[in-house]
Amino acid sequence: MAKQSQDAGDMWRRVDELVEGLDLAGDVAAAAEQVAALGREAVAHLARTALGRTGVRRERAAALLGCLTGQAARWACREVERQIETRPLNPTEHMWVMALLRRLDEAASGTGTAAAGPDLADPLLDDETELLLWRDEFAALGHAEQQSILAPILQDGNPAFLRLLETALGLQIAAVDGAIADGLARFATSEALPLLRELLRRPDPVVRKRARASLAALERQGVDIRGVFVAAAESVEPVRAALASVPQGDGRMAVIVARGHTASCVRFAAVVLDPVEAGIANVWGESGITEAEFRDHLADYTETTEQRLVNVDLATAQALVAAAEDYARRQGRTLSPDYLVWRRCFGRPKQPVALPIVFGPACSRCGARLRSGDLLRGGVIAGRAALCARCAAGPLACVACGRPLNRRTDDALARPSANGARVEFLCRRCGRGNGG
Ligand SMILES: [Zn+2]
Ligand SMILES: [Zn+2]
């Protein structure tokens, strides 16, 4: 018995040496074979190390684990399963372990997973609600722990983790951005491009430099990187609904897209667009709901906001959201981290679409750019036309009956002129007959 435990101790030390001496840029597969050759207990020790708490070891152990095949992968799988039964996992570990188990399972049965397609994504890694929970937990950790959590994921290189990394990028933490910028070089797939695109736009020059280096590394690995500035990840689920609200007098409108393979599992994302200031004023969504629950949500929304939602074609919904995102960036706004999680539910339009509203509208009378203050002081937006507060304070008349109107005292209805170039007004009486 003593002899046996001494043997086990020796063998663990041997595994630890292999882990510590591992050159991540070198032949990881060969090192993994060496561990496998030491037998079942060595592989189990490796699996425990990968689940451990120390960053550097964890990263290397995870890399080795990811290279195991056949019988050794099966041993690792059993040990990981045993470990997760005995101790609680935080959501990150949970996601990572689930993806790891599936990979080991595939490696054990010899089905291989090298050519991972977009549908490889683990359900957990594709659920926005889970991702947001994970993000909030991740955000509360110290820098060192954040790095130690990211390490095995970045080492893994499994495209299923890209959503998790994209979610982490939404927090805009320079150290996290830097680690991800480096790590993306291991994700030899065009699916990494939307993340690099995000990083190439970061204000920190060091992050941008590291993202450029990873982009070059991907190109060397045969990834077609030409699409990096248009690349946008989009859910592969079929669209079940695309809706938009009728634009309000301040130009704001809501856009909602719902997706799902079946009516029993639907997700939707919604944004309120602000074409004057923020671009994107608000974003929310829900995942894992039924079609009926989605319809309930729409009914609630229409009731509480008193806005009418109409069906629009998907390309219009996508173009509105994409234009709002681009406008927010041009205005130097930081995109809401929630938007980065929900935006793939929208996707980007495949062809140019004429938008019903203008981002950054100008007064059609004097040409001045509207500010949100204009809208508080009588200025108004109608379709693609707008009137600033100063021009709206001048003499106005009802286009139908000619009665003089005062924006401050009269409840006039604003609408776009027939050619859409100007804002015109109807007095209350004429407006009533026009559906106002
Ligand atoms: Zn004006
Ligand atoms: Zn009138």
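# A walk through a three-domain chain

Start by colouring the chain by domain: domain 1 covers 2-171, domain 2 covers 239-346 and domain 3 covers 372-433. Keep in mind that you're looking at a predicted model.

**The whole chain.** Zoom out before picking anything. Along the principal axes, the C-alpha atoms fill a box of roughly 105 × 45 × 35 Å. Switch to cartoon view and you have 18 helices and 11 strands to find your way around. Of the 436 residues, 40% count as buried. Contacts reach well along the sequence, too: taking pairs at least 6 apart, 67% join residues at least 24 apart.

**The largest core.** Now select Leu46, Ala76, Ile180 and Val255. These are the residues that touch the most other members of the largest nonpolar core, which has 98 residues. Next, show helix H14, residues 314-330; this helix gives the most to the core, with seven residues. With your domain colours still on, look at who else takes part: domain 1 (2-171) and domain 2 (239-346) each supply at least three residues.

**Where domain 2 meets domain 3.** Five residues of domain 2 are in contact with five of domain 3. On the domain 2 side, the touching residues are one nonpolar, two polar and two charged.

Select Gln172, in the loop between helix H9 (162-169) and helix H10 (174-183). Gln172 isn't a glycine, yet its phi is positive, at about 55°. Is Gln172 buried, exposed or partly exposed? Gln172 counts as partly exposed because 17 other C-beta atoms lie within 10 Å, between the limits of 12 or fewer for exposed and 20 or more for buried.

For your last stop, go to Glu306, in the loop between helix H13 (291-305) and strand S5 (309-311). Glu306 is another residue other than glycine with a positive phi, near 55°. Here there are 6 other C-beta atoms within 10 Å, so Glu306 is exposed.

Conventions. Residues are numbered from 1 along each chain as its sequence is written. Chains are lettered from A and ligands numbered from 1 in the order in which they are written. This is a predicted model: local features need pLDDT of at least 70, side-chain atom pairs count only at pLDDT 80 or more; totals for chains, interfaces and linings use all residues. A nonpolar core is a set of buried Ala, Val, Leu, Ile, Met, Phe, Trp, Tyr and Cys residues joined through C-beta atoms within 7 Å. Helices (H or I, at least four residues) and strands (E, at least two) are DSSP runs, numbered from the N terminus. Domain bounds come from an automatic or database domain assignment. Two residues are in contact if their C-beta atoms, placed from the backbone, lie within 7 Å. Ala, Val, Leu, Ile, Met, Phe, Trp, Tyr, Cys and Pro count as nonpolar, Asp, Glu, Lys and Arg as charged, and the others, Gly among them, as polar.
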